Structure formats: C-alpha cells, structure tokens
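User: I have a structure open and would like to go through it piece by piece. Can you take a few questions?

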Amino acid sequence: RQMLMEHRLQGTRLQSEVSLLTKEKLATEEKVEAVLTEIAAFENGVRTLEREMAELSKAEAEAVGTLDEAAKVELRENKMRLDREFGAMLIKIADRRETLRAL
C-alpha cells in the first residue's frame, strides 16, 4: 500500500513537472516567434533603407553639375542620416539574433 502511495505521489510530481515544462516551452516559443517577427521587420527596414540609398545615389548621379551648395549639403546630410539608420538597424538585427540564440 505504501509503495502504491509513493508511486502515485511520484506520478503526480512528474505530471506537475511536465506541466511546468510545457508552459515554459510554450512561453519560449512565443518569445522566439516575437523575436523572429522583430528581425523580419528590421530586415524589411534595411531593404527600404537600401532602396532609399540607391535612389539617392541615382538622383545625385543624374544631377551632377546642377546642384547648388545647399542641395549638395542636403544630399550629404540625407546620405549620413540613411547611413546612421542603416547601422542602427543592423545593430538591432544582430541584437535580436543574439537574443534568439540565448532562447
């Protein structure tokens, strides 16, 4: 009788542990999915920035010799802004990938 009670107690304890592990697994899967979604959004942002950079370079090439100083300064500032945003986006992607590895 005592062995039966011990087995039941152990079975209950194991069920409890399995339940906790299942909850933990689901929570981790949700975190992974959220991080993957963030990475995808950042990668879309990078592609958008790359398109903007290409368009800016194209516009600059087409306007060679016709830009006044103010336009050149504005163009340079836009390039620097896009470069900063691009760098920040890549850092965010690397950070999220590191978070993903930790999960």
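Analyst: Go ahead; what follows is a short walk through this model, which is predicted.

User: Where does Arg96 sit?

Analyst: Arg96 lies in helix α2, which covers residues 69-102.

User: Buried or exposed?

Analyst: Arg96 counts as buried because its relative accessible area is 19%, and the cut-off for buried is under 20%.

User: What does its side chain make a polar contact with?

Analyst: The side chain of Glu38, at 3.3 Å from the side chain of Arg96. Setting aside neighbours within four places in sequence, Arg96 is in contact with Val35, Glu38, Ile39 and Phe42.

User: Switching topic. Which residues make up the largest nonpolar core?

Analyst: There are nine: Phe42, Val46, Leu49, Leu56, Leu75, Leu82, Phe86, Met89 and Ile93. Helices α1 (2-62) and α2 each supply at least two of the core residues, and α2 gives the most, with five.

User: And Ile93, what is that in contact with?

Analyst: Phe42, Glu43 and Val46, again leaving out neighbours within four places in sequence.

User: OK, now α1. How many residues, and how far does α1 reach?

Analyst: α1 has 61 residues and spans 89 Å from its first C-alpha to its last. That is close to the 90 Å expected at 1.5 Å a residue.

User: Which of the α1 residues are buried?

Analyst: Val35, Ile39, Phe42, Gly45, Val46, Leu49 and Leu56.

User: What covers them?

Analyst: The cover over the buried residues of α1 includes α2.

Methods
Residues numbered from 1 in each chain as written. Predicted model: local features only at pLDDT ≥ 70, side-chain atom pairs only at ≥ 80, totals over all residues. Heavy atoms only, no water. Helix = DSSP H or I, 4+ residues; strand = E, 2+ residues; numbered from the N terminus. Buried < 20%, exposed > 50% of the residue type's maximum accessible area, 1.4 Å probe, protein only. Polar contact = N/O pair within 3.5 Å; in protein donor to acceptor, adjacent residues only side chain to side chain. Contact = heavy atoms within 4.5 Å. Core = buried A, V, L, I, M, F, W, Y, C linked by side-chain atoms within 4.5 Å. Expected span 1.5 Å × (residues − 1).
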